[in-house]
Amino acid sequence: MADQEIWGGVLARLRTAHPNICRQWFEDLEPLGISEGLIHVRAGSDVHRDYLKRACADPFSEAARDVTGRLISVRFLGPDDTLDPAELAPPRAPSRLRDDSLPINPDNTFENFVQGPGNRLAHAGAVAVAANPGTAFNPVFVHGGVGLGKTHLLHAVCIRISQEQPDARLCYISCESFVSQFMQAIQIGEMEQFRARFREADVLVVDDVQFLSPAERSQEEFFHTFNELYQAKRQIVLSSDEPPEKIPTLQERLVSRFKWGFVAEVEPPCYETRVAIVKSKATLRGVDVPDDVACLIASRRIGSIRELENALTSLQAQVLVDGGPITMSLAREALGEPAEIAAAPSVEVITSTVTDFYNVRISELQSKKRHRSVALPRQVCMYLTRRLTRHSLEEIGGMFGGRDHTTVMHAVKTVETKRGADEQFDAVVSSLEKRVTGR
Ligand code: ADP
Ligand code: MG
């Protein structure tokens with residue numbers, strides 16, 4: 001078998017055995033030939049190389065063995081690495097400190113980040129510091145719930161800077177690992193090496209700072225690292241699941257430092273953004289997902305974007321079993337949805353039914369009027385739209401006079417409470433609901 005043919009076989013094998021790790025850019029990897037039980041493969045950047053080494057080495061080697069029937073491993077090289085084995089494994093620095101920094105995922109670029117109302121500000125801040133590290137804003141602090149793109153933005157900053165300033169010393173680390181390396185450095189007496197690693201960085205990116213241990217000494221160390229870098233105008237980028245003032249274990253002086261720069265929240269994506277994310281992830285994985293299927297995946301009530309990706313993975317698995325293209329019925333089966341979903345009532349039907357009953361005009365519902373005679377029907381409309389359609393809180397707010405999602409949440413709660421307390425009102429809402437759904 002020619003080397004090129006083997007490589008083609010490896011990629012094909014990966015696509016069937018490990019579809020979830022396959023990416024469109026695997027096509028751009030360049031096989032350099034096989035020798036001594038190794039296939040050397042050149043990646044487009046060091047970020048790609050490091051990611052392949054850390055996250056994909058076993059599946060690649062396994063696929064190479066399956067294809068050749070020989071014991072073969074895959075070795076990844078960056079654009080500037082040579083084939084000389086002596087150079088491939090440079091003598092390690094004498095430090096005994098463990099380096100458990102995480103690899104940067106090359107998929108997490110700005111290009112692959114879908115912007116929406118919930119993340120626009122955080123995205124803008126990240127782009128600005130990546131263009132002008134150390135001078136635009138310092139620090140940048142991104143916070144928000146799990147799976148909403150914080151790590152993606154942090155990676156994107158690192159990738160952009162490493163492309164535009166290849167000599168910049170970047171340090172990307174999770175806060176947990178900062179703390180555990182710090183403890184280890186104390187134990188083995190290598191504080192100097194530990195300090196050097198972080199304080200010599202041009203850009204320090206620390207993910208999940210809520211895990212900064214409450215222990216005085218590690219916060220102290222972090223504080224000094226922060227100050228030193230800040231004073232030297234080095235860029236600091238941080239993420240957390242809460243805003244600085246809400247991280248329970250954080251000392252006041254760190255809270256105030258974290259707030260010095262640019263603080264932005266990432267919020268759950270609205271429906272349109274979710275559709276765009278599903279499409280973008282599908283493209284990245286080289287999967288052809290029709291628009292109606294993307295909408296189906298995006299319309300599921302989800303808490304985190306990772307769940308959208310999981311849905312896509314189930315779909316890929318189902319395609320492997322069934323063969324053929326991705327269709328709506330296949331998607332429903334893969335996602336465990338009933339084959340036929342009763343059509344949801346439209347917002348128009350809901351509003352006209354409710355306004356008929358309360359004898360108000362639709363234009364009044366959309367106005368800023370807060371009088372009870374208008375406010376209650378408006379709240380009932382919001383409540384029914386939320387319950388019976390797949391519109392997001394933001395969208396519903398937009399339909400009823402450009403209100404924000406907290407107003408919609410409040411309306412839903414108010415109607416729920418009133419239904420519990422007022423029997424007659426409860427009966428009215430039930431009958432409106434029946435009329436709207438035709439059931
Ligand atoms: P967090 O760090 O906030 O928990 P991640 O950054 O790990 O979340 O995001 C979880 C997954 O969702 C990742 O695969 C990421 O690429 C994806 N994701 C999140 N937000 C976006 C977005 N706006 N556009 C594209 N992908 C996104
Ligand atoms: Mg994260």
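This is a predicted model: local features need pLDDT of at least 70, side-chain atom pairs count only at pLDDT 80 or more; totals for chains, interfaces and linings use all residues.
View 1. S1 and S2 run antiparallel and share five bridges. Within this pairing, Pro31 stands opposite Val41 in S2.

View 2. Phi of Glu36 is near 50 degrees. That is a positive value in a residue other than glycine.

**View 3. Packing of H1 against H2.** Helix H1 (residues 3–17) meets helix H2 (residues 46–68) at an angle of about 120 degrees, and their axes are 8 Å apart. H1 is therefore oblique to H2. The crossing is right-handed. H1 contributes Ile6, Trp7, Gly9, Val10, Leu11, Arg13 and Leu14 to the contact. From H2 come Pro59, Phe60, Ala63, Ala64, Asp66, Val67 and Thr68. By class, the contact of H1 with H2 has ten nonpolar, two polar and two charged residues.

**View 4. A five-stranded parallel sheet.** The open sheet has the strand order S5-S6-S7-S4-S8, and its pairing is parallel. Strand S5 (170–174) and strand S8 (262–266) stand at the edges with a single partner strand each, so one side of each has no neighbour in the sheet. On average, neighbouring strands are turned by 15 degrees against each other, direction ignored. S5 pairs with strand S6 (residues 203–207) in the parallel sense over five bridges. In S6, Leu204 is the bridge partner of Cys171. Helix H4 (residues 120–131) packs on this sheet and touches strand S4 (140–144), strand S7 (235–240) and S8. The direction of H4 makes about 135 degrees with that of S8.

View 5. The bond from Asn138 to Pro139 is cis, with omega near -10 degrees. Pro139 is found in the loop between H4 and S4.

**View 6. The aromatic pair of Phe182 and Phe194.** The whole structure holds 17 aromatic pairs. In one of them, Phe182 and Phe194 form a tilted pair. The ring centres are 5.7 Å apart, with 55 degrees between the planes. Phe182 lies in helix H6 (residues 175–188) and Phe194 in helix H7 (residues 191–199), so the pair ties together parts that are twelve residues apart in sequence.

**View 7. Packing of H10 against H11.** Helix H10 (residues 271–284) and helix H11 (residues 291–299) pack at about 125 degrees, with axes 8 Å apart. The two helices are therefore oblique to each other. H10 passes H11 in a right-handed crossing. On the H10 side, the contact is made by Tyr271, Arg274, Val275, Val278 and Lys279. On the H11 side are Asp291, Ala294, Cys295, Ile297, Ala298 and Ser299. The residues of the contact of H10 with H11 divide into seven nonpolar, one polar and three charged.

Key:
Residues are numbered from 1 along each chain as its sequence is written. Chains are lettered from A and ligands numbered from 1 in the order in which they are written. Side-chain values use heavy atoms; hydrogens and water are left out. Axes are lines fitted to C-alpha atoms, for helices over the stretch in contact, and angles run from 0 to 180 degrees between N-to-C directions. Helices (H or I, at least four residues) and strands (E, at least two) are DSSP runs, numbered from the N terminus. Angles under 35 degrees count as roughly parallel, over 145 as roughly antiparallel, 65 to 115 as roughly perpendicular and the rest as oblique. A crossing is left-handed if the near helix is turned anticlockwise from the far one by less than a right angle, and right-handed if clockwise. Contact means heavy atoms within 4.5 Å. Ala, Val, Leu, Ile, Met, Phe, Trp, Tyr, Cys and Pro count as nonpolar, Asp, Glu, Lys and Arg as charged, and the others, Gly among them, as polar. Two strands pair if DSSP finds at least two bridges between them. Rings of Phe, Tyr and Trp (its six-membered ring) pair if their centres lie within 6.5 Å; planes under 30 degrees apart count as stacked, over 60 as edge-to-face and the rest as tilted.
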